[in-house]
Amino acid sequence: MDDLERQVKRFQQRYKVFSQQQQTFTQALDRARTDAFQKTAVVRSINQIEGWLEHAVHSATDRRILTLFVDLCRDLDRFRQQVERHNMVRDQLDRNPGLRNSLAKWRTLCNIHNDCANLRVTFPHGEVNHLSCDEARNYFGGVVSLIPVVLDTIYEVMENITAPRLSSTQRSNASQRNPSRQHSGRPGPPAQVDSTMDERHTRFAPEVHQIPIEPKAPKQSAYYGTEMEDLLKDMEKMKWAAARKPWKP
């Protein structure tokens, strides 16, 4: 199982390198359509790209990026065959319908004659959103979404493989932790609380006395009740008025 996970990580790295050249890939497809006299043709299958690569592509840059895409699709299909031959997968195919459906979807997507024109990858992927205009989305949206959808399907296959193994491991761990417990569906007896422990902790607990707090009287000015107090209040109002910004109509 570890070797399969390592190969999935390698495919992630390879696709990351390819996705950084998405604009080069779509431009190469556009030039290949033009040279093949199929300017308005929608890119539908891997076999169609292989035909352009063999007969209509003359630029070294276009040949390199299209070859990178075709090789990645072929390797993904070979990896599917390797997964199907794995002993753990063969043991679970009969009793795991989710695994069978994911493998069938993977097989269909990697078929070189499969029509992927209507395929669209969704969030969190943004390959379709990176295309330049609506025309490019209509022509290249399917082929750009092919490899991300295949990788998501591979993740589903790996989850379906590991889920039964995790559940059996959890059941064995639970039986080891409680070997003599019978699962009757009824709750067990309540746990007994040692009263001596509570008495020991409360016997030497210090008594807490609440000390009343008297409210403090407000501090009065030394000039309280005199004319000086009124004068000080008028001076404070004058300072506040002077600090205010003048009103502008």
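**Entry 1: the largest pocket**

I started with the largest pocket, which has a volume of about 340 Å³. My model is a predicted one, where local features need pLDDT of at least 70, side-chain atom pairs count only at pLDDT 80 or more, and totals for chains, interfaces and linings use all residues. Residues are numbered from 1 along each chain as its sequence is written, and side-chain values use heavy atoms, with hydrogens and water left out.

My rule, on a 1 Å grid over the protein atoms alone: a pocket is an open set of points with protein on both sides within 12 Å along at least five of seven lines, a cavity is a set where a 1.4 Å probe fits but cannot get out, and lining residues have an atom within 4 Å of a point. A volume is the space filled by probe spheres set on the points, which are joined across faces, edges and corners.

I found 16 residues lining the largest pocket, with Gln23, Thr26, Leu131, Ser132 and Ala136 nearest its centre. Two or more lining residues come from each of α2 and α7 (134-177); helices here are DSSP runs (H or I, at least four residues), numbered from the N terminus. The largest share, six residues, is from α2.

**Entry 2: the cavity**

How many cavities of 30 Å³ or more are there? I counted one, and the largest cavity holds about 30 Å³ of space. Its lining is Tyr15, Phe18, Ser19, Gln22, Phe25, Glu127 and Val144. The elements giving two or more of these residues are α1 (2-19) and α2 (22-35), and α1 gives the largest share, three residues.

**Entry 3: aromatic rings**

Phe11 and Phe79 make a tilted pair, 5.4 Å centre to centre with 50 degrees between the planes. That pair joins distant parts of the chain, helix α1 and helix α4 (residues 60-84), 68 residues apart.

Tyr139 and Phe140 pair edge-to-face, at 6.5 Å and 65 degrees, and both are buried. Arg33 lies over the face of Tyr139, 4.7 Å from the ring centre (the rule asks for CZ of Arg within 6 Å of the centre and within 35 degrees of the ring normal). I also logged one aromatic cluster, formed by Tyr15, Phe18, Phe25 and Phe69.

How values were computed: Phe/Tyr/Trp six-rings, centres within 6.5 Å; stacked < 30°, edge-to-face > 60°. Buried < 20%, exposed > 50% of the residue type's maximum accessible area, 1.4 Å probe, protein only.
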